[in-house]
Amino acid sequence: MAMAALLAFSVTPQTFSHKTHLSSSLCSFKHSSFLSLTKPRIAIKPKRSISVQSNGNNSADPPDRLIAAICYFYPFFDGIQYGKYVINQFTPIQVLLQPLIPAIRVFKSFPFNGFLVFLTLYFIVVRNPNFSRYVRFNTMQAIVLDVLLIFPDLLERSFHPSEGVGLDLMMSLDSTVFLFLLVSLIYGSSSCLLGQVPRLPIVAEAAERQVP
């Protein structure tokens, strides 16, 4: 019952305004000089700075691992509404998400919470050289993943099928988006907790170009 009420949150137009802005930024960045990969320069704090290609279990300090792992909850919370069909049909997923319900309720309680989290992650974490590149890269991956949610948002606002093939396609799209977010959350967070560098399909290269 709590899960059904949670999924009843509607998506307001403000929810993807920040995604539209960063999406255009990412597109324009394709022509920047960062497309040519060079060897990373030696950081001022070599013990804190790591290479994104590193896969060792000791590649990041425990605080860095925890911060990076938490960031992957942002796109999942922002796209939880796409799971309305899957969650209602599969009890194990309901049990898995039950501990997250209070946090999701807080995140969805105010329409601008997603935008505030976006600003915090992008300007205070990604653009802050005081954080290690490990944290900034994983944070940027979570942001890019959230920005991609603008596309299913636009489709749902443009088409509202109530039955037939259109409804089946919309249900399939929503379920696919939700499962991708769930897998990204599990893979991204668990890899970060182990000190490894998760590389999500579609978003990893874009995130790497945005992290200096």
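## Helix packing and surface

Helix α3 (residues 62-71) packs with α11 at an angle of about 175°, their axes lying 8 Å apart. The two helices are therefore roughly antiparallel (an angle over 145 degrees). Axes are lines fitted to C-alpha atoms over the stretch in contact, and angles run from 0 to 180 degrees between N-to-C directions. Contact means heavy atoms within 4.5 Å.

| Helix | Contact residues |
|---|---|
| α3 | R65, L66, A68, A69 |
| α11 | S189, C192, L193 |

These residues divide into five nonpolar, one polar and one charged. The model is predicted: local features need pLDDT of at least 70 and side-chain atom pairs 80 or more, while totals for chains, interfaces and linings use all residues. Residues are numbered from 1 along each chain, and side-chain values use heavy atoms, without hydrogens and water.

The whole structure holds four salt bridges (Lys or Arg side-chain nitrogen within 4 Å of an Asp or Glu carboxyl oxygen). One of them pairs E156 with K84, with the closest N and O atoms 3.8 Å apart.

Technical notes
Helix = DSSP H or I, 4+ residues; strand = E, 2+ residues; numbered from the N terminus. Parallel < 35°, antiparallel > 145°, perpendicular 65-115°, else oblique. Nonpolar A, V, L, I, M, F, W, Y, C, P; charged D, E, K, R; others polar.
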